Amino acid sequence: MLASMLIAIISILFTIHYTKGKHCLLKILIWPSCFVMVMGCLISLYIAMVKHDEKIWSDKEYVVYSEYYDFFDPNRFVLYKRDGLIDRRMYFLGDIGFGEMKEADYSMYNEFDLIKEEIDATEFESDSVFHRTVFYRLCDGYEFEQEKNDSLFDVIKH
């Protein structure tokens, strides 16, 4: 990021220095090329900073993506509802922090307004896999407390 900003600043300063006392036609030709170079640096900076989303689960109605949120929460899961060819963002689900996703499965229970999330992942710099089951409300993404899992399992089995 710092290198891209320095390249842009040096390019502008070099162009200003080089065009002093030069013919106006030369200035007209150099400034657009400087602008293109600065924009190229900024675009490459943007591409480098934005981590592309990864689809981790989908069915006919819903899609879950693992999205880069920020440095402290890099793997945030987001639920999208399919609307024809467009996936419309609904809300954030859980995350695994700096861990690595091994497997994810989601079950939607529209009649009970529930989402069941089953995730296998590894913790940061560890090889041991942990399993996590979390329930969310389908209408708003509210995460139920882990203590309620047994009663929610009973609800979806009936």
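Q: Which residues does Met108 touch, leaving out those up to four places away in sequence?
A: In this predicted model, Met108 touches Trp57, Asp59, Tyr62, Leu79, Leu114, Ile115 and Leu138.

Q: And which residues have the most contacts inside the largest nonpolar core?
A: That core has 18 residues, and those with the most contacts inside it are Val64, Phe77, Leu79, Leu93, Tyr106, Met108 and Ile115.

Q: Which strands each supply at least two residues of this core?
A: They are E1, E2, E3 (76–83), E4 (86–95), E5, E6 and E7.

Q: What does the second, separate core include?
A: It is a core of 6 residues, among them Phe135, Phe144, Leu152 and Ile156.

Q: Turning to helix H3, which of its residues are buried?
A: Helix H3 spans residues 149–157, and its buried residues are Asn149, Leu152 and Ile156.

Q: Why are they on the same side of H3?
A: Because these residues cover an arc of only 60° around the axis, they are placed on the same side of H3. As a general point, an α-helix has 3.6 residues a turn, so residues three or four places apart point the same way.

Q: What covers the buried residues of H3, and what is on the face turned away?
A: The cover includes strand E5 (100–109), strand E6 (114–122) and strand E7 (129–137). The face turned away from the buried side carries the exposed residues Asp150 and Lys157.

Q: New topic: how many aromatic pairs are found in the whole structure?
A: The search finds 4 aromatic pairs. One of them is formed by Trp57 and Tyr106, a tilted pair at 5.6 Å centre to centre with 55° between the planes. Trp57 is in strand E1 and Tyr106 in strand E5, 49 residues apart, so this pair links distant parts of the chain.

Q: Trp57 and Tyr106: buried or exposed?
A: Trp57 counts as buried at 11% relative accessibility, and Tyr106 counts as buried at 3%.

Q: What kind of pair do Phe135 and Phe153 form?
A: Phe135 and Phe153 form an edge-to-face pair, 5.2 Å centre to centre with 85° between the planes. Phe135 lies in strand E7 and Phe153 in helix H3, so the pair ties together parts that are 18 residues apart in sequence. Phe135 counts as buried at 0% relative accessibility, whereas Phe153 is partly exposed, with a relative accessible area of 23%.

Q: Lastly, how do E1 and E2 pair?
A: Strand E1 (residues 54–58) and strand E2 (residues 62–67) pair in the antiparallel sense over 4 bridges. A hairpin joins E1 to E2 through 3 residues, and the bridge partner of Glu54 in E2 is Ser66.

Definitions and conventions:
Residues numbered from 1 in each chain as written. Predicted model: local features only at pLDDT ≥ 70, side-chain atom pairs only at ≥ 80, totals over all residues. Heavy atoms only, no water. Buried < 20%, exposed > 50% of the residue type's maximum accessible area, 1.4 Å probe, protein only. Arc of directions from axis to C-beta. Contact = heavy atoms within 4.5 Å. Pairing = 2+ DSSP bridges. Core = buried A, V, L, I, M, F, W, Y, C linked by side-chain atoms within 4.5 Å. Phe/Tyr/Trp six-rings, centres within 6.5 Å; stacked < 30°, edge-to-face > 60°.
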